[in-house]
Amino acid sequence: MVRVARFEKVSVQQFVTDWITTFPQQTVEQAVYAYEHIKLPARATSGSAGYDIYAPVGFELPAGERIKIPTGLRVHIEEGWVLTLYPRSSLGFQYRFQLDNSVGVIDSDYVRSDNEGHIFLRMTNDNREGKTMRVPAGTAFAQGIFLPFGLTVDDDVHTVRNGGLGSTTR
């Protein structure tokens, strides 16, 4: 196996700012508590491709509802690799739990963006049976898989990223 990345937390200041912006009813103390309980992604078994991403706090998501989760995570990725993000298979199967953008893509230069490369996941419980999904704090709810990628022979991009979602088209 090739080792191509390293997960770490964003700064507590970045996390608190993003947490309060996402959940304005929360206090700074609640945001700091969530930050202190962030678990870095890990594989469950030696044969696992996916790195489990854990909920910093517990949440409930009724059928048809969505949630945006500031994970508190960032990742340093070697050039030529990308981190792809998906819901945990079991949650997708049981609740049609899905990322709102289908597959998340974290580029190697995202870690240098103005938000410290903070990874957010916006997800929907799309089940048709009216089931509320409950995810306890510290439970894996998403997973990330590192994949290599290629470039076209005439690629000559030198633009530098400064921003998060949608910043490469601004």
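Modeller: From the N terminus on, the elements run β-α-α-β-β-β-β-β-α-β-β-β-β-β, with 3 helices and 11 strands in the chain. Helices (H or I, at least four residues) and strands (E, at least two) are DSSP runs, numbered from the N terminus. The radius of gyration, taken over C-alpha atoms, is 16 Å, close to the 15 Å that the globule rule (2.2 Å times the number of residues to the power 0.38) gives for 170 residues, so the chain is as compact as a globular protein of that length. This is a predicted model, in which local features need pLDDT of at least 70 and side-chain atom pairs count only at pLDDT 80 or more, while totals for chains, interfaces and linings use all residues. Residues are numbered from 1 along each chain as its sequence is written, and side-chain values use heavy atoms, with hydrogens and water left out.

Buried residues make up 41% of the 170 residues; buried means under 20% relative accessible area, exposed over 50%, and partly exposed in between (1.4 Å probe, protein chains only). Of the contacts with a separation of 6 or more, 76% are between residues 24 or more positions apart, where contact means heavy atoms within 4.5 Å.

The part to look at is Asn125, with the sheet around it. Asn125 is in strand β9 (residues 120–125), and it counts as buried because its relative accessibility is 0%. Strand β9 belongs to an open sheet of 3 strands in the order β4-β9-β7, with antiparallel pairing; two strands pair if DSSP finds at least two bridges between them. β4 and β7 (97–99) stand at the edges with a single partner strand each, so one side of each is left without a neighbour in the sheet. From one strand to the next the twist averages 30°. Between β7 and β9 there are 3 bridges, and Phe97 has Asn125 as its bridge partner in β9. Helix α1 packs on this sheet, touching β4 and β9, and its direction makes about 165° with that of β4. Such angles run from 0 to 180 degrees between N-to-C directions, with axes fitted to C-alpha atoms, for helices over the stretch in contact. The buried residues of α1 (residues 12–22) are Gln14, Phe15, Val16, Asp18, Trp19 and Thr22, and their cover includes α2 (28–36), β4 (66–70) and β9.

The side chain of Asn125 makes a polar contact with the side chain of Asn127 at 2.6 Å and reaches the backbone oxygen of Lys131 at 2.9 Å. A polar contact is a pair of N or O atoms within 3.5 Å; within protein, one must be able to donate a hydrogen and the other to accept it, and residues adjacent in sequence count only if both atoms are side-chain atoms. Leaving aside neighbours within four places in sequence, Asn125 is in contact with Leu61, Pro62, Ala63, Gly64, Glu65, Tyr95, Arg96, Phe97, Lys131, Thr132 and Met133.

The loop between β8 (104–106) and β9 holds Arg112, which counts as exposed because its relative accessibility is 60%. The C-alpha atoms of Arg112 and Met133 are separated by 34 Å. Glu116 lies in the loop between β8 and β9 as well, and counts as partly exposed at 22% relative accessibility. Its phi is near 65°, a positive value in a residue other than glycine. Most residues other than glycine have a negative phi.
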